[in-house]
Protein chains: 4
Amino acid sequence: MSKFTLEALRKASAQEFAAALGDIFEHSPWVAERVAAKRPFANVRALLDAMTAAVNHATLEEKTALLRAHPDLAGKAARAGVLTKDSSAEQGSAGLDRLSEVEYEAFQRLNTDYRQKHEIPFILCVRRHTKGSILKQFERRIDNAPEREFETALMEVFRIAALRLDQKIESADLGLNGRLSTHVLDNHAGNPAAGMALVLRELSDHDAPRLLVNTRTNKDGRTDAPLISDRPVPIGQYEILFSVADYYRTRSVPLAEPPFLDLVPIRFSVAEPEGHYHVPLLVTPWSYATYRGS
Amino acid sequence: MSKFTLEALRKASAQEFAAALGDIFEHSPWVAERVAAKRPFANVRALLDAMTAAVNHATLEEKTALLRAHPDLAGKAARAGVLTKDSSAEQGSAGLDRLSEVEYEAFQRLNTDYRQKHEIPFILCVRRHTKGSILKQFERRIDNAPEREFETALMEVFRIAALRLDQKIESADLGLNGRLSTHVLDNHAGNPAAGMALVLRELSDHDAPRLLVNTRTNKDGRTDAPLISDRPVPIGQYEILFSVADYYRTRSVPLAEPPFLDLVPIRFSVAEPEGHYHVPLLVTPWSYATYRGS
Amino acid sequence: MSKFTLEALRKASAQEFAAALGDIFEHSPWVAERVAAKRPFANVRALLDAMTAAVNHATLEEKTALLRAHPDLAGKAARAGVLTKDSSAEQGSAGLDRLSEVEYEAFQRLNTDYRQKHEIPFILCVRRHTKGSILKQFERRIDNAPEREFETALMEVFRIAALRLDQKIESADLGLNGRLSTHVLDNHAGNPAAGMALVLRELSDHDAPRLLVNTRTNKDGRTDAPLISDRPVPIGQYEILFSVADYYRTRSVPLAEPPFLDLVPIRFSVAEPEGHYHVPLLVTPWSYATYRGS
Amino acid sequence: MSKFTLEALRKASAQEFAAALGDIFEHSPWVAERVAAKRPFANVRALLDAMTAAVNHATLEEKTALLRAHPDLAGKAARAGVLTKDSSAEQGSAGLDRLSEVEYEAFQRLNTDYRQKHEIPFILCVRRHTKGSILKQFERRIDNAPEREFETALMEVFRIAALRLDQKIESADLGLNGRLSTHVLDNHAGNPAAGMALVLRELSDHDAPRLLVNTRTNKDGRTDAPLISDRPVPIGQYEILFSVADYYRTRSVPLAEPPFLDLVPIRFSVAEPEGHYHVPLLVTPWSYATYRGS
C-alpha cells in the first residue's frame with residue numbers, strides 16, 4: 001500500500017484529499033470530505049481528531065448509516081469475497097478467514113441475533129483481538145442495552161479508523177502499537193543466554209496452539225526483533241516455549257536424564273494491545289522465574 | 001495383601017518362610033528357600049541382601065532361568081491374564097494395561113527383537129517408570145551387548161524384589177520411596193497461598209496428559225498429602241497446573257482482563273524415582289518462580 | 001525455674017496456689033488469690049482468662065495500683081538491682097541492662113515525662129521488643145490521651161502475665177511464641193545448600209549490629225534449630241548474612257575474583273512477635289532471591 | 001583537557017605529533033616519537049598498537065627506564081604534589097589522595113619492599129581499581145618472581161596508556177569502558193518501579209562505605225544515567241540500597257509496621273572493569289530477587 005505524507009495531503013486538492021482518505025471510515029467517504037477544508041493539520045493526531053469530530057457532529061442518521069456500512073465479522077460478505085480491502089485484511093489478521101464450519105455457524109448465529117437486537121452489525125476493531133477474544137466480546141456485548149452498544153460501536157469505529165490512518169500516512173505515530181518481547185538470562189553462568197531456541201504460540205480454548213514465531217536468542221539473550229511489534233498486540237492468551245535443556249546441553253552443563261527442565265512454558269495473557277509486554281526468563285537447569293517486565 | 005512382620009518370619013518354619021517369600025523373585029521360590037537357614041535377619045535390608053547374594057552365587061543356568069521366568073512387558077501373557085499377581089499390579093501401575101493397539105504392536109515388536117538378540121525377556125522395574133520412559137529404556141537397551149544386558153536385567157530383578165519385599169513386610173524401610181510435593185507462596189500478600197486449586201498431570205510424547213491429582217492447597221500453602229509418596233516417583237515428565245487467577249479473584253486482588261497469569265504450568269521431569277522432588281511456586285499476579293527444592 | 005503442672009495446681013491448697021502464681025502479676029498476688037476458688041481449669045488458657053477477668057473486674061483503684069506496681073523501664077530500680085526476678089529477666093532480654101549513658105538518660109527523661117503526664121509508669125511487654133522498638137513505642141505512646149494509655153498499659157500487663165504463666169506451667173501452649181527460620185537452596189546445583197555459614201544479627205539505628213546466631217546449614221539446607229524459637233520474636237530489624245562465596249568455593253564452582261556475590265545480606269523486620277518468619281535464600285553464584293515464607 | 005582528532009594528528013608535523021602524545025607513556029616521549037613516521041593510522045586502536053609495539057621492540061634498558069619513570073602509588077611524590085597531571089588524576093580517582101595516616105604508612109612500606117625486591121616501582125592501572133583492590137594486588141604481586149612482575153608492570157603500563165589515549169583523542173572507542181546499571185521492577189503492581197530512591201556505595205574492608213550515587217528511578221524503573229559509565233568500573237565491592245518501603249508507602253500499598261522490607265541492600269563485586277554489570281531488583285513488599293543481568 002502506498003503511503004501518503006502529511007505534506008502531500010496538505011498540498012492535495014480537496015478532491016484528491018478525500019480520495020486518499022475515503023477508506024478510513026468504511027464506505028463513508030463523507031468523513032474525509034468534511035475535514036478537507038480544515039487543513040493543514042499539525043500532525044496525524046490532529047487529522048484523526050478532526051475526522052472523529054466530524055463523525056461526532058454528524059446526524060444520528062449519518063452515524064447509523066456509518067455503523068450499518070460495516071460488514072459482519074466472518075459473515076457472508078467475507079465468504080463471498082466482497083469486503084473492502086481494509087476489512088478483508090483486518091478480519092484475516094485475526095484468523096476470521098480460517099474458521100471451522102462449527103465456528104462459522106457460531107458467528108452467523110451471533111451476527112443474526114446481534115443485528116436483530118441492536119439493528120446494527122457487531123463492530124469490533126479486530127486488529128486488537130484474537131479469535132477467542134472476539135467471541136468473548138461478542139457474547140459479552142450482545143446483552144448490552146442498544147444505546148450503549150451504539151456508543152461502543154462508534155468507539156470501535158474510531159479505533160479502526162486510527163489504525164487505518166496509521167498505516168496510510170508516512171511516519172504516523174498515533175501510539176497504537178504494542179510490543180511483546182523476551183530476554184533470557186542464564187543465572188547458572190551469570191550471563192545472557194545466547195542461542196536458546198524458543199517459540200511463541202497463540203493459545204485458544206478450542207483450537208490447537210497457533211505458531212507465531214520460531215526463533216533463537218542472540219548474544220544479548222534477546223531476539224533480534226521483538227516477538228510482536230509495529231501493531232497492536234492482540235488481546236488473547238500466549239505461550240512462549242523455551243528450549244532450556246538443549247541450551248544447557250550445548251554448553252556442556254551436566255543435566256539429569258531426563259533433565260529436570262526441558263521445554264519451559266510461560267503462559268500469559270495480553271489485555272492491553274497498546275501495552276509493552278516484556279516477558280523475560282531467568283533460568284538455571286533447576287529453577288526459573290518470569291515476570292511482566294518493561 | 002497381608003503383611004508379615006520380621007518377627008513372624010523369624011519364628012516360621014523353613015517351609016512357611018519359603019512360602020511367604022516365594023514370590024519375591026518371579027517364579028523362583030528357590031531364592032527364599034536358600035536364605036531360610038540364614039535367619040534371623042537384623043532388618044529387612046539384611047534379608048534383602050541375603051536374597052540378592054543367593055542369586056549372585058547361583059549358577060549361570062539358575063540365573064538365566066530366573067531371568068527367563070519373567071514375562072514380557074505388555075506381552076501376550078499380560079493380555080491373556082496369566083501374569084503373577086505382582087507382575088500384573090506392576091505393569092498396571094505404569095499403564096501397560098491401557099495401551100492403544102499401536103502401542104501394543106510396538107511393544108510386541110520390541111519384545112520379539114529383544115528376545116531374539118539377548119535370549120532373555122526385557123526386564124525393567126516398571127514401578128520406577130512411566131510408559132514413556134519404559135519405551136525409551138527399551139529402545140536404548142536393545143542395542144547393548146548381551147553380556148551387559150544380562151547384568152542390567154539382574155539389577156532390575158533386584159529392584160523388583162526390593163519393592164516386593166518392601167510391600168510384603170511390615171515397617172520395611174528400604175529407602176525405595178520418593179516423594180513429589182509442592183508449596184505455593186503468595187508473594188503479593190506475603191503469606192502461604194491457601195485454597196489454590198492445582199492438578200498434577202503426567203505428560204507423554206504421544207498421549208494426552210494423564211490426570212494424577214486434583215487438589216487444593218491448605219492453609220500452609222501445601223497439599224494435605226504429598227502429590228506422590230509411599231512409592232518410587234516414576235521416571236517421566238510431569239506438569240503441575242496452578243489456578244493462579246482464580247486464587248487472586250477470591251482474594252479480591254485486582255487483575256487485568258484477561259489476567260496476565262491464569263493457569264500457570266510448571267513442567268519438569270523426574271530422573272531419580274527415590275528422590276524428593278519439591279516443586280514450589282512463588283507467585284504474584286505478575287510474576288512467578290519455581291525451583292527444585294527439598 | 002521449677003515449673004508446675006496444671007494437675008499440681010489443681011490439687012494445691014488455695015494458699016499454695018496463690019503462692020505459686022503470686023508473681024504472674026507484678027507485686028499483685030491478689031489476682032492469683034481471687035481465682036483459686038475457680039479451679040479446676042481445663043487448660044492454661046482458661047486459667048489465664050480467669051486471671052485476666054479478675055483484673056478486669058477489679059476496682060479502678062486496684063487496677064491503678066497494679067499498673068503503678070510496675071517498675072520503670074531501664075529505671076533507677078533496675079540500676080539499683082531491686083527489680084522482681086521476672087522484671088529483671090525481661091528487661092535484660094531486650095538489652096535494657098546494657099544501655100549506654102546517653103541511652104540511659106533518654107530513658108530517664110521519657111520515664112519522668114510519661115509518669116508526669118499519665119500518672120502511671122510506662123508499661124510494655126518487653127519480651128516482644130528490641131531496644132529500638134521499645135524506644136519507638138515510648139515516643140509514640142507518650143502523646144496518647146491518659147485514658148487510652150491506661151487501657152494500653154493493662155493490655156501490656158496481660159501480655160506480660162501470659163508469658164510469665166507460659167514459663168511457669170508445664171506444657172503450656174498459649175500460642176505466644178514466634179519463630180524465625182531460614183533455608184538455603186542452591187539453584188546452581190539443584191539441591192539444598194549444605195554447610196553454608198550464616199549469621200543472624202539484630203540491627204539498630206544507633207548501635208553496631210548485635211550478633212544473635214552464628215551457625216551453618218545442615219544437609220537439608222536448614223539450620224539444626226530455628227534461628228529464634230520458643231519465645232516471641234522481638235519486634236525489630238534483623239539481618240542474615242550468608243557466606244555464599246565460601247560455600248561455592250568448597251564445591252569448586254568457578255567464581256569471578258572477587259566473586260560477584262560474597263556475603264549476601266538479607267535485611268528484614270519483624271512486626272508480629274508471635275508470627276512465623278521463614279526467610280529463605282535461593283541462590284546461584286550470580287543471583288539470589290528471598291521472600292517471607294512460612 | 002583539549003582533545004585531538006585522528007585527522008589533526010595525521011596532518012601534524014612529527015614534532016607536533018610527539019608533543020601531543022608525549023604524555024601517553026609516563027615521562028617517555030620517545031614512544032610517541034618513534035611512531036610518528038608510521039602515520040596515518042586507520043583508527044585509534046592502530047595507533048595504540050603501534051605505540052605498544054614500539055615499547056615491545058625497545059631495548060631492555062629502555063623498558064626498565066620506562067617502568068622506573070612511574071611514581072610510587074600514594075608515594076612521596078604524590079604528597080609533594082610533583083606527579084604528572086595524568087598520574088595525579090589517576091591516583092585521585094581511586095582515592096589514593098585521601099588515605100588515612102595508617103593507610104599511607106602501609107603504602108610506603110609496600111612501596112619500599114616492592115622496589116627493593118623488584119627494582120621497579122609497583123605499577124598498576126589504578127583507574128581500573130578501588131583502594132581495596134589496589135592493596136590486594138599489591139600484597140599479591142609483591143611475592144611474584146621479578147621477571148613476571150616486569151611483564152605484569154609492562155602490561156599495566158599499556159593499560160594506562162590505552163586509557164590516556166582514549167581520553168586524549170576525539171571519538172576513540174577502544175572498548176575500555178564498563179558500565180554499572182540497575183532496573184527496578186515492581187512485581188506487586190506488574191510495572192516498573194518509578195520514583196524509588198536508591199544509593200550506590202563503594203564498600204571497603206576498613207573504611208566506612210563511600211557514597212557514589214544518590215538518585216531515583218525514572219518512569220521506566222531505570223536511572224536516567226547508568227550508575228557508572230564512560231570509564232572502567234573499578235574492581236571492588238559495591239552496595240546498592242533501595243528504598244523499598246518508602247516506594248510502597250507513596251503507592252498506598254499496605255505494609256507491616258515496621259515493614260518487612262525497608263532499605264534493601266544488594267551487595268556485589270566487580271571483577272571485570274570493562275564489563276557490563278546490570279544489577280536489577282524484582283520486588284514486592286514481601287520478596288525480592290536480583291541477578292547479574294546484561
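How many residues of chain C are in contact with chain A, and how many of chain A with chain C?

Modeller: This is a predicted model, in which local features need pLDDT of at least 70 and side-chain atom pairs count only at pLDDT 80 or more, whereas totals for chains, interfaces and linings use all residues. Residues are numbered from 1 along each chain as its sequence is written, and chains are lettered from A and ligands numbered from 1 in the order in which they are written.

Nine residues of chain C are in contact with nine of chain A (C-beta atoms, placed from the backbone, within 7 Å). On the chain C side, four of these residues are nonpolar, five polar and none charged (Ala, Val, Leu, Ile, Met, Phe, Trp, Tyr, Cys and Pro count as nonpolar, Asp, Glu, Lys and Arg as charged, the others, Gly among them, as polar).

Chain A itself is divided into domain 1 (6-168) and domain 2 (178-289), with bounds from an automatic or database domain assignment. The centres of these two domains of chain A, taken over C-alpha atoms, are separated by 35 Å. Between them, eight residues of domain 1 of chain A are in contact with nine residues of domain 2 of chain A. The domain 1 side of this contact in chain A has one nonpolar, four polar and three charged residues. The chain C side of the contact with chain A, by comparison, has no charged residues.

Technical notes:
Contact = placed C-beta atoms within 7 Å.
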